[in-house]
Structures are given as C-alpha cells and as structure tokens.
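Please look through the sequence and the model before starting.

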Amino acid sequence: MLELILPNLLEILAIILTGIVTYFGAKIKAVYEEKVNDDTKRKVVSTVVKAIEQLYKDLKGDEKLEKAKEAILEMLNEKGITITELEMNMLIEEVCNSFKESVVGE
C-alpha cells in the first residue's frame with residue numbers, strides 16, 4: 001500500500017513546491033521591476049530637468065515645467081514605464097530643491 005501512495009505523494013509535493021517557488025519568484029520579480037522602474041524614473045527626471053534648465057534659459061518657470069513633463073513622459077513611454085502626474089511633480093520638485101540646496105551651499 002505504501003508503494004502506491006509514495007509516488008503520488010512525491011508528485012503532490014513536487015506540485016506544491018513548484019507553486020511556492022513560482023509564487024515567490026513572481027513576487028521577487030515584481031519588487032525588482034518596481035525598484036528598477038523607480039530608479040529609472042528618478043534618473044530620467046533628473047536628466048530632463050537639468051537639460052531643460054540648460055537648454056531653455058529664456059523660458060519662464062511654467063513653460064520649463066511643461067517642457068520637462070513632455071520630455072519625461074516621452075522618455076519613460078519609450079521605456080514602457082508609466083508615471084503618474086503626482087509622482088512626476090514630486091520628482092521634479094525633488095530635483096529642483098537639490099538645485100536650490102547646491103546653490104545655497106556654495
């Protein structure tokens with residue numbers, strides 16, 4: 001009787017272990033992708049804001065902001081990364097504040 005149960009028990013355990021590994025693999029992948037996307041967003045926003053500051057010195061603040069948002073959206077869309085308006089505004093503000101701190105610190 002044990003000979004009949006043992007092969008089935010091993011198959012069941014293999015299925016359960018495969019399910020567990022798949023679940024945790026998917027979770028790890030999601031966390032990794034989120035981290036990579038967040039880092040990419042920060043880098044893109046920083047690069048774009050710095051470039052806008054250099055390229056469009058003659059534009060006013062609101063015009064620069066719109067140029068920056070357009071460029072950020074375009075660059076992130078090319079990479080298949082979405083960003084919310086709030087997230088974009090917060091990241092832009094973060095970069096602008098770092099400009100102000102570097103100017104005050106000098």
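**Exercise 1.** In this predicted model, is D39 buried, partly exposed or exposed?

*Solution.* The relative accessible area of D39 is 31%. Since buried means under 20% and exposed means over 50%, D39 is therefore partly exposed. As for its partner, D39 forms a salt bridge with K35, in which the closest N and O atoms are 3.1 Å apart. Both D39 and K35 belong to helix α1, which covers residues 2-55, and they are separated by four residues, or about one turn of the helix.

**Exercise 2.** Determine which parts the salt bridge between R42 and E94 ties together.

*Solution.* Begin with the contact itself: the side chains of R42 and E94 meet in a salt bridge at 2.8 Å, N to O. Next, place the residues, R42 being in helix α1 and E94 in helix α3 (residues 85-105), so that the pair ties together parts 52 residues apart in sequence. Finally, consider accessibility: R42 is partly exposed at 41%, and E94 is likewise partly exposed at 43%.

**Exercise 3.** Work out where K69 and E85 lie, and classify K69 as buried or exposed.

*Solution.* The side chains of K69 and E85 meet in a salt bridge with an N to O distance of 2.7 Å. Because K69 lies in helix α2 (residues 61-78) and E85 in helix α3, the pair ties together parts that are 16 residues apart in sequence. With a relative accessibility of 10%, K69 counts as buried, whereas E85, at 45%, is partly exposed.

Definitions and conventions. Residues numbered from 1 in each chain as written. Predicted model: local features only at pLDDT ≥ 70, side-chain atom pairs only at ≥ 80, totals over all residues. Heavy atoms only, no water. Salt bridge = Lys/Arg side-chain N within 4 Å of Asp/Glu carboxyl O. Helix = DSSP H or I, 4+ residues; strand = E, 2+ residues; numbered from the N terminus. Buried < 20%, exposed > 50% of the residue type's maximum accessible area, 1.4 Å probe, protein only.
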